[in-house]
Amino acid sequence: MRRGTISICLLLATLLAACGAPSPTDSAAGGSEEATSEEATSEEASSPSEDGSPAEESESAAELSGEPIPLGVAVAQTGNVALLGQEQVIGAEIAEAFFNERGGVNGRPIDVLLQDTAGDEAGASNAFNTLINQNEVVGIVGPTLSQQAFAASPIADRAGVPVLGPSNTAAGIPEIGDYVARVSAPVSVVAPNAVEVALEQDPDIQSVSVAYAQNDAFSTSETGTFQATVTELGLTLNPVQTFQTTDTDFTSQASTIIGQNPQLVIVSGLAADGGNLVRQLRELGYAGLIIGGNGLNTANVFTVCGLLCDGVIIAQAYSPELDSDINAEFVEAYTAGQDRNPPQFSAQAFTGVQVFVEALIAVDDDQGLDSLELPELRTALNEAILAGEYDTPLGPISFTEEGEVNQEQFYVAQIEMEDEQTGSFTFVR
Ligand code: 1QQ
């Protein structure tokens, strides 16, 4: 019932470009009604849908027994941040079906409880409180933004509830507290890869302009990494431009940047604002390379900058091409319901649920889940998460004592647009 409601909401979100919230195209892309309806039919717009047939699910559920184990997933399902969060919902729902089909937690099913955080701190804090106090979850995968994590994750930490950030990449996330870890590698190790690829594509790059959303913790952290990388490489860093994630008009920043005459522009923002800045840079005549940060790392940005998204370079913490059994199975499960390869945010959300499932199995093997009261279970689970090693679609991962993810391989992709709405991420490294 709950899953059905969520699926319908997500389907509506696809059709209306939002679920009870302003359409991303309306509010940010200067979208007309036409753009919205085109988005609805776009193959590349995120279309959360069947992630496993109901028949399969009930068949597998029959093999499981015992009380379902509630696991919270708190991500943005509404508002502009849902451009990123929708992909996380798909990844988490695939993981729920996938691991339950494989026996859940030693025969007990896991029950993924989705709570919409929307795009701000208050929404994330409310979702965390509901999951912790009403749903009595064993742990939480979430929230979507680092900006939200700095508000909501301390709530879980104080309550002794383990949190895995599925996409929190700013500096300082694992340091929030003992119960806070992440599966999303930090910008400091992911972002520099994009600059290296830009230099491979244009060895004559000398002058670099950067712009970032100064009201967003991730964007602020990521631009710091980009600026340091540019400087370390001996390139010229032009005076930095700033904007807000709520901005829609970037004429001033785009004009200033074009006046700086750069050969590379690096944008750290979220999908709607960042995509609009890319669009307006191109409309005003900028023809050089553009790097987009992690906030533009979604096919949902295609409806924002259309054909003008073409060529944007984005570093990746996931590749669908990674050669491993678990990744092949994940890609198969994802492509059964979607008509494109899985994106990074889906793979990371899947991984967050996977780590919880495998750590729950470790606790059960070690102490028996039934022997533990909820607070003890949450604490044992947190310890098991940090102690474990996991073979995930992201590759083999583990955690530092602090809760930082150890991940080996990173990638770079480049957007290739076919038409105003349809495109793909081509892996160039
Ligand atoms: C962060 C991010 C976002 C772009 C994830 C959706 O990396 O907020 O840390």
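Two residues are in contact if their C-beta atoms, placed from the backbone, lie within 7 Å. The legends below use that rule. The model is predicted: local features need pLDDT of at least 70, side-chain atom pairs count only at pLDDT 80 or more, and totals for chains, interfaces and linings use all residues. Residues are numbered from 1 along each chain as its sequence is written.

**Figure 1. Leu 71 and its contacts.** Leu 71 touches Ile 110, Asp 111, Val 112, Leu 113, Val 137, Val 138, Gly 139, Val 353 and Phe 356. Residues up to four places away in sequence are left out of that list. Leu 71 is also among the residues with the most contacts inside the largest nonpolar core.

Figure 2. A nonpolar core is a set of buried Ala, Val, Leu, Ile, Met, Phe, Trp, Tyr and Cys residues joined through C-beta atoms within 7 Å. A residue is buried if 20 or more other C-beta atoms lie within 10 Å of its own, exposed if 12 or fewer, and partly exposed in between; C-beta atoms are placed from the backbone. The domain bounds come from an automatic or database domain assignment. In soluble globular proteins, nonpolar side chains tend to be buried together.

**Figure 3. The whole chain.** The chain has 16 helices and 16 strands. Helices (H or I, at least four residues) and strands (E, at least two) are DSSP runs, numbered from the N terminus. Of the 429 residues, 56% are buried. Take the contacts with a separation of 6 or more: 72% of them join residues 24 or more positions apart.

Figure 4. Which residues surround the ligand? They are Leu 84, Thr 144, Leu 145, Ser 146, Ser 167, Asn 168, Thr 169, Ala 170, Phe 218, Asn 294 and Gly 295. A residue counts as near a molecule if its C-beta atom, placed from the backbone, lies within 6 Å of it. The shell holds 4 nonpolar residues, 7 polar and no charged. Here Ala, Val, Leu, Ile, Met, Phe, Trp, Tyr, Cys and Pro count as nonpolar, Asp, Glu, Lys and Arg as charged, and the others, Gly among them, as polar. Domain 1 and domain 2 both give residues to the shell, so the ligand lies between them.

Figure 5. Helix α5 covers residues 82-101. Its 20 residues should span 28 Å at 1.5 Å a residue, and its end C-alpha atoms are 28 Å apart, which agrees. The expected span is 1.5 Å times one less than the number of residues. In α5, 19 of the 20 residues are buried. Gly 103 follows the helix, with a positive phi near 100°. Asn 106 lies in the loop between α5 and β2 (110-116). Asn 106 has a positive phi of about 50° although it is not a glycine. With 13 other C-beta atoms within 10 Å, Asn 106 is partly exposed.

**Figure 6. Helix α12.** This helix runs over residues 271-283. Its 13 residues should span 18 Å, and its end C-alpha atoms are 18 Å apart, which agrees. Because 12 of the 13 residues are buried, α12 is largely enclosed by the rest of the structure. Among the buried residues are Asp 273, Asn 276, Arg 279 and Arg 282. Just after α12, Gly 285 takes a positive phi of about 110°.

**Figure 7. Either side of β3.** Glu 136 lies in the loop between α6 (121-134) and β3. Glu 136 has a positive phi of about 50° although it is not a glycine. It is partly exposed, with 13 other C-beta atoms within 10 Å. Pro 143 is found in the loop between β3 (140-141) and α7 (146-159). The peptide bond from Gly 142 to Pro 143 is cis, with omega near -10°.

**Figure 8. Leu 264 in strand β9.** Leu 264 belongs to β9 (residues 264-268). Is Leu 264 buried or exposed? It counts as buried, with 23 C-beta neighbours inside 10 Å. Leu 264 touches Ala 198, Ile 205, Val 208, Gly 288, Leu 289 and Ile 291, not counting residues up to four places away in sequence.
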